[in-house]
Amino acid sequence: MAFFARRADGLRRERMQASRQYADGGFMNTYPSSVQRVPEGRPTLADFLFRGEGRTPARPLPAIDPRTVWARPVETGLRATWLGHSTVLLEIDGHRVLTDPVWGMRVSPLPFLGPRRFQPVPVDIAALPLLDAVLISHDHYDHLDYPSIRALAKRRVPFVTSLGVGLHLEAWGVPAERIVELDWWERTVLPGGLTISAAPSHHFSGRGLHDRNATLWSSFALRGERHAVFFSGDTGLSPAFAEIGRRLGPFDLVMIEVGAFHPSWGSVHLGPDNALRAWAQLGSGRFLPVHWGTFNLAMHPWSQPADVLLAHASEGLVMPRLGEPVEPARVDAVEPWWRGEAKADWQGAMPQEAESLVLPVKD
């Protein structure tokens with residue numbers, strides 16, 4: 001899994017350098033932030049290691065084996081199964097797309113150190129149904145997972161990702177002809193007609209000490225014959241959401257990140273309050289929160305994002321249990337299943353990579 005920085009060359013490098021987001025040897029956020037960083041109170045390594053209550057659940061969360069439901073037709077044409085963090089199996093108009101697959105037990109460059117998942121994924125990666133595409137938003141460890149990519153590389157499935165990320169995929173065994181790298185506002189069409197478009201996000205990238213912003217980060221819109229879905233990847237709040245809604249909407253379902261946030265990180269993550277603002281700017285779709293309930297990556301209690309969302313906007317939320325396949329059009333209300341799980345003090349795990357890799361140098 002190599003910790004050294006890989007460098008693009010040839011046509012890949014030419015495409016990266018031609019991007020409007022590329023300048024001075026790396027990618028940059030070209031949309032202004034809607035949220036400013038709070039300079040005081042930036043958490044230290046000691047904060048991550050020893051402080052903060054309720055950052056992990058006291059016992060395993062309720063989970064469902066989805067395979068029986070996956071074997072049934074999708075009656076409304078759109079079904080989503082949240083498998084933890086930002087991993088979702090989308091079934092949309094006859095296509096199956098897997099987002100940011102992470103089955104590894106830790107999100108870290110080291111297999112024995114780093115944030116450990118609260119519990120295993122409710123279904124083994126080998127038990128997934130046939131896939132039409134794997135979608136990778138960016139290269140951070142909690143979105144681009146080495147053991148998961150190695151397993152999925154054995155399948156004859158295309159990978160759709162952001163500019164430059166294919167360099168990792170090729171090194172891990174995915175044939176180059178099965179990798180599609182997109183710049184913002186570019187699109188690809190799968191056999192059968194599902195369109196996947198890359199869209200802006202406000203974030204950063206890097207897996208080591210010397211590859212900060214060497215690859216692009218993106219959100220994505222998927223549009224089939226009858227339905228459309230938005231997937232935020234990782235992002236902070238910016239005017240991009242309104243433009244995405246205008247250019248790629250309307251959506252039937254939006255999957256927006258809500259967890260692992262801190263005021264001192266500024267606009268590289270949303271948190272639940274800004275996720276609600278982003279949803280409003282997108283202007284359509286039921287809201288399925290992602291990027292929460294799986295890893296301890298920030299100082300807030302693990303269930304805080306879900307509690308805030310339910311308190312402020314219960315109508316339109318889709319909040320299934322782990323592994324529970326749901327058809328958004330048939331969700332009438334949210335059951336707060338996470339509230340039955342007592343909270344525990346943090347159980348000890350290093351932060352995602354070193355602190356310098358988790359916290360952005362600049363927006």
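These are my notebook entries on a predicted model, taken one topic at a time.

**Ground rules.** I worked from a predicted model in which local features need pLDDT of at least 70 and side-chain atom pairs count only at pLDDT 80 or more, while totals for chains, interfaces and linings use all residues. Residues are numbered from 1 along each chain as its sequence is written, and side-chain values use heavy atoms, with hydrogens and water left out.

**Overall make-up.** I looked up the secondary structure and found 9 helices and 17 strands in the protein chain, where helices (H or I, at least four residues) and strands (E, at least two) are DSSP runs numbered from the N terminus. Of the 363 residues, 61% are buried, meaning under 20% relative accessible area with a 1.4 Å probe and protein chains only, against over 50% for exposed and partly exposed in between. I then turned to contacts (heavy atoms within 4.5 Å): among those between residues at least 6 apart in sequence, 73% join residues at least 24 apart.

**Helices α7 and α8.** I followed the axes of α7 (residues 271-282) and α8 (residues 304-312), which come within 8 Å and cross at roughly 45°; axes are lines fitted to C-alpha atoms, for helices over the stretch in contact, with angles from 0 to 180 degrees between N-to-C directions. The two helices are therefore oblique to each other, given that angles under 35 degrees count as roughly parallel, over 145 as roughly antiparallel, 65 to 115 as roughly perpendicular and the rest as oblique. From α7 the contact takes P272, D273 and L276, and from α8 it takes P305, V308, L309 and H312. I noted P305, A306, V308, L309 and L310 as the buried residues of α8, and these pack against α7 and β15.

**Aromatic pairs.** I counted 13 aromatic pairs, using rings of Phe, Tyr and Trp (its six-membered ring) with centres within 6.5 Å, where planes under 30 degrees apart count as stacked, over 60 as edge-to-face and the rest as tilted. F118 and W302 form an edge-to-face pair, at 6.4 Å centre to centre and 80° between the planes. F118 sits in the loop between β6 (95-99) and β7 (133-136) and W302 in the loop between β15 (286-290) and α8, so this pair ties together parts 184 residues apart in sequence. Both F118 and W302 are buried.

For W292 and W338 I found ring centres 6.2 Å apart and planes at 85°, so this pair is edge-to-face as well. W292 belongs to the loop between β15 and α8 and W338 to the loop between β16 (325-326) and β17 (343-344), 46 residues apart. W292 is buried at 5% relative accessibility, and W338 is buried at 1%. I also recorded that W82, F118, W292, W302, W337 and W338 form one aromatic cluster.

**Backbone checks.** Most residues other than glycine have a negative phi, and most peptide bonds are trans. I noted a positive phi near 50° at H85, in the loop between β4 (78-84) and β5 (87-92), where H85 is buried at 3% relative accessibility. A260 has a positive phi near 60°; A260 lies in the loop between β14 and α7 and is buried, with a relative accessible area of 9%. The peptide bond from G249 to P250 is cis, with omega near 0°, and P250 is placed in the loop between α6 (240-248) and β14 (253-257).
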